[in-house]
Amino acid sequence: MLQRRVLKVVCPHDCPDTCSMAVTVEGGRATALGGDPDDAFTQGFLCAKVNHYLERVYAKDRLLHPLRRVGKKGEGRFERVSWERALSEIAQRLKEIARDHGPQAILPYSYAGNMGLLSNASLDRRFFHAIGASKLDRTICASAGAAGYKATVGRSIGLDPEQIGRARLIVAWGANIVSSNVHLWPFVERARNAGARLVVIDPYRSRTAEKADLHLAPWPGTDAALALGLMHVIFRDGLADRDYLERHTQGHAELEARAREWDPARTERETGLAAAAVEALAREYATTRPSAIRLNYGLNRHAGGGMAVRTIACLPAVTGAWRDVGGGALLSTSGTFPVRTEALERPDLSPAGTRTINMSQLGRALTDPGLAPPVKALFVYNSNPAAVAPEQEQVMRGLAREDLFVVVHELFQTDTADYADFVLPATTTLEHDDLHKAYGHLYLSWSQAAIAPLGEALSNTELFRRLARAMGLADPCLFDSDEDLARQALDWSHPRLAGLDFDRLQREGRVRLAVPGEWAPFAEGGFPTPSGKCELLAPSLAEAGLDPLAGYVPPRESPVTNPELARRYPLAFISPPAHHFLNSTFSAQPTFVRRESEPFLTVHPDDAAARGIRDGQSVRIWNDRGSFEAKARVSDAARPGVVVGLSIWWPKMCPGGRNANAVTSQELTDMGGGASFYDALVEVAPQ
Ligand SMILES: Nc1nc2c(c(=O)[nH]1)N[C@H]1C(S)=C(S)[C@@H](COP(=O)(O)OP(=O)(O)OC[C@H]3O[C@@H](n4cnc5c(=O)[nH]c(N)nc54)[C@H](O)[C@@H]3O)O[C@H]1N2
Ligand SMILES: Nc1nc2c(c(=O)[nH]1)N[C@H]1C(S)=C(S)[C@@H](COP(=O)(O)OP(=O)(O)OC[C@H]3O[C@@H](n4cnc5c(=O)[nH]c(N)nc54)[C@H](O)[C@@H]3O)O[C@H]1N2
Ligand code: SF4
Ligand SMILES: [Mo]
């Protein structure tokens, strides 16, 4: 009989749910995997993707050995080499580049392929800081929304998602809960069984919108105008919570004056939502308690994404919704965890004056002839920029540069890996230890390796330890063990970790932060802002040259703000996550490709008719930045004027070799330097 054990491992993917998984191991092989039945948030189930995680771990096409390029760039032809050889050649090239062009010619490129605190940002950061590489501003997902929320609330702390069952009104605002935050759904259902209503605000009839009591489909990027329209009615009709405003906010008179300009008629013109619908939602929101707004990042991928989140985050202060357990707003819980980022990443190792490159402008960074020094080495891990970065033509052109040295640490042969000089094999979460916080709940977890690394795969931390050795670096902090790092990662003396130490966490696996079971974080104010109040008016923004008062920043590309562009490209294009993919992770696995069928574009029947597009026909989607192909789905799930291409497909699996990011823009958001993926006008025609 083989020895059979069940271990708890944490899902490492970029998802608010950070699930606890129960993995059965027999004879050193994982044989079954499911949601941890003992965990209050995972509730015994996993999503449609990670249910099949063992297919990923044991996939035939998993990278198991270091590879060195033999073919042309992008061709994807490699030969197997030893780790020793790979590391010494990489170290050699990095040293030569640093000698010839300065160390800032080396650029790390990573995001959240693995969210574990150690795998995501620890020894990798220390290594690149220590060699003096350019720094990377990691803006591709959440930085606009995070900045907007921070300006209003002070920190990424919001209502406790486990209490959403108490809400009597839930507004999913730019949040597709059923696809991208599925473990919140049982709490939403609990609320609805007790009589709550679910309102979804989304230009697309997402899986969540399909299940809603009310779906409002605004023009993309106009959410802050809607929020101001709601405030207009709330103030006008005497529904604001004056006591809460007086005691716990800053700038309410100024905000009220601004909201006065946003009567329902103007709000309708800007958002495309009927004035009567704005009036009705405002009254329902202000008179239902508890009321919960689940914001997610969909609405922060626009020119005004920071302000959109900022202004929406003012609403629960205007109505006093923060007073109730289960009321308020939630963007991310990540700021609730006392992580010692600086101790993990050691920014002090980086030489003063080192430049920072914005990851959302990778195409420019790789092709800009004026950049001094030019980027000569790109070291990619936890990310697949050839698929996920905006303005793909330019990104691909950059990656194809003969003089660019590219290293990719990966589990699979992605499009990015096709351009690599060296491809290095990475472990799955089953094969290494890690520490996890979450951005959609309040549990801290320790994830214990369940099986040995497959082939010659190495974890991110072990890779950077070995690379530091190969480079001849000496600082002992570059060689800290995973356990050392885990002990350094948290402020164990913080009240939210009361009673917890590393040993207890390791023993128990999963521990809820020490906050009350029935938590309403801002019931009595106490916002972690400079003033201690909810900052409807935030003087700190004025210092950064921004409007200090919550307001509205319109989309960059829309018929209203850019009519000339809209004459050539009249349709707004958004590319939100597909249900069975996670960004570009899982997008090449047969099980999920079958379920998503093929790259498609949802087009409203009116827009299809105007272009002679039939359901099922191949179409081309283009603008000045590039073009890609998809199959048309003619359906009113897309709002008129908006086309939707669920993402992120691997470019090499798309007809024509380009995905949605062929048409997205590298322009940044108003706050946080974020990517503006959903702020893009296009035209569509039959092939
Ligand atoms: N299945 C699945 N789950 C995922 C992911 C995935 O790829 N697949 N990705 C993960 C990651 S990295 C993230 S950041 C989160 C993202 O998850 P969410 O934050 O939920 O963000 P999106 O899915 O980008 O957008 C959510 C909804 O916002 C809508 N939307 C787009 N533009 C606007 C707008 O201007 N206004 C409003 N009101 N709505 C708009 C989209 O149509 C979409 O239905 O999900 C995570 N979970
Ligand atoms: N058009 C469009 N583009 C988008 C978005 C969109 O909605 N529309 N969403 C944006 C958002 S929200 C995000 S967060 C980004 C996501 O962009 P990325 O963070 O690049 O996410 P993935 O595409 O999932 O790529 C992660 C890669 O990391 C690898 N990986 C996983 N674990 C490990 C590990 O332990 N070590 C190493 N070395 N590698 C590992 C995976 O195999 C995978 O290929 O994409 C953005 N791009
Ligand atoms: S991707 Fe999200 S929902 Fe799926 S298992 Fe991982 S954490 Fe849970
Ligand atoms: Mo993301």
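**Ground rules.** I'm working on a predicted model, where local features need pLDDT of at least 70, side-chain atom pairs count only at pLDDT 80 or more, and totals for chains, interfaces and linings use all residues.

**Whole chain.** I looked up contacts between residues at least 6 apart in sequence, and 77% of them join residues at least 24 apart. I then checked the radius of gyration, taken over C-alpha atoms, against the globule rule of 2.2 Å times the number of residues to the power 0.38. For 687 residues a compact globule would come out near 26 Å, and the chain has 25 Å, so the two agree. The C-alpha trace spans about 70 × 65 × 55 Å along its principal axes.

I noted 27 helices and 27 strands, both being DSSP runs numbered from the N terminus (helices H or I, at least four residues; strands E, at least two).

**T428.** I found T428 in the loop between β17 (422-425) and β18 (434-436). T428 counts as buried because its relative accessibility is 2%. Leaving out residues up to four places away in sequence, T428 touches Y53, V57, R62 and L411. Its side chain also makes a polar contact with the side chain of E431 (2.5 Å). For that term I used a pair of N or O atoms within 3.5 Å; within protein, one must be able to donate a hydrogen and the other to accept it, and residues adjacent in sequence count only if both atoms are side-chain atoms.

Most residues other than glycine have a negative phi, and most peptide bonds are trans. I logged a cis bond joining R289 and P290, with omega about -15 degrees; P290 lies in the loop between α13 (275-287) and β12 (291-295). Another cis bond joins S647 and I648, with omega about 10 degrees.

Which residues did I log with a positive phi? E391 has phi near 55 degrees, and F586 has phi near 80 degrees. E391 counts as buried at 17% relative accessibility, and F586 counts as buried at 2%.

Key. Residues numbered from 1 in each chain as written. Chains lettered and ligands numbered in written order. Heavy atoms only, no water. Contact = heavy atoms within 4.5 Å. Buried < 20%, exposed > 50% of the residue type's maximum accessible area, 1.4 Å probe, protein only.
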